[in-house]
Amino acid sequence: MHIAVNLAKERAIISRAQQGDQQAFYQLYQQYHRKVYAICWRMLADKDSAEDVCQEVFVQLWQKIANFRGESKFSTWLHSVTNNIVLGHLRKHKNWLQRIFSIEDQTMADIAVEMPDSSGLTELDKHIARLPERARLVFVLFAVEGYRHEEIANMLDMAVGTSKAQYHRARNLLMEWIEI
C-alpha cells in the first residue's frame, strides 16, 4: 500500500512538472539529483565533468519531461536519459590523452573529496574511478546500471565481445586492487 501511495504521489509530481510546474520539477530534482550525480561521477571519474553533465541532465529533463509516457518507472527512464547524456558528453569531448592524464594525476584523496558527501564514496567507487575509461564505462553500465552487453555494445559502438572483454578486464583489475 505504501509503495502504491508513493508511486501515485510521484506520478502527480511528474504530471505537474510536465505542465511546467517548477516546484514539482524541483521536487524531482531533490529526489534524483544525488543518484544522477553518482552515475555521472562513476562513468566520468571527474568531478567537474560529473557536475557539468549532471546539470545538463536536469536541463534536458526540464526540456523533455513531456516525453516521459509512464511506460516504465520514472527512475528507469531518467537513468537511461542520464546514460545517453554521459555517453554523448564523452563522444563530444574525445580528447583521450588529456582525459587519461588528468585522471591518472589525481590522487585517491582528491577523488574522495570530489563526491558531494564523501562518506557515500565506497572503497569500490574509489577503485572504479581508477579503471581505464572503456573498462570503467562497461563495468558501470553492466554491473551497476544493469544493461546487457548487447545494449552496452550498441551504446558505446563496440562489438559485444569487446564489451564482455572490457567488463572482465575491469572485474579482474578490481579484484586485484581489492584483493578478494
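What covers the buried residues of α9? Among the things that do, by contact (heavy atoms within 4.5 Å), are α4 (74–92), α8 (133–144) and α10 (160–178).

Quick housekeeping: this is a predicted model, where local features need pLDDT of at least 70, side-chain atom pairs count only at pLDDT 80 or more, and totals for chains, interfaces and linings use all residues. Residues are numbered from 1 along each chain as its sequence is written, and side-chain values use heavy atoms, with hydrogens and water left out.

So, α9 itself, residues 149–156. Helices here are DSSP runs of H or I, at least four residues, numbered from the N terminus. Its buried residues are H149, I152, A153, M155 and L156; buried means under 20% relative accessible area, exposed over 50%, partly exposed in between, with a 1.4 Å probe and protein chains only. Down the axis of α9 they fall within an arc of 165 degrees (taken from the directions from the helix axis to the C-beta atoms), so they line one face of the helix. Just after α9, D157 has a positive phi of about 55 degrees.

On to the rings. They're from Phe, Tyr and Trp (its six-membered ring), and pair if centres lie within 6.5 Å; planes under 30 degrees apart are stacked, over 60 edge-to-face, the rest tilted. That gives 9 aromatic pairs. Take Y26 and Y29: centres 6.1 Å apart, planes at 20 degrees, so they're stacked. Both sit in α2 (residues 22–44), 3 residues apart, about one turn of the helix. F68 and W77 are tilted, at 5.3 Å and 50 degrees, and both are buried. Ring pairs also link Y32, F68, F74 and W77 into a cluster.

Note on methods: Helix = DSSP H or I, 4+ residues; strand = E, 2+ residues; numbered from the N terminus.
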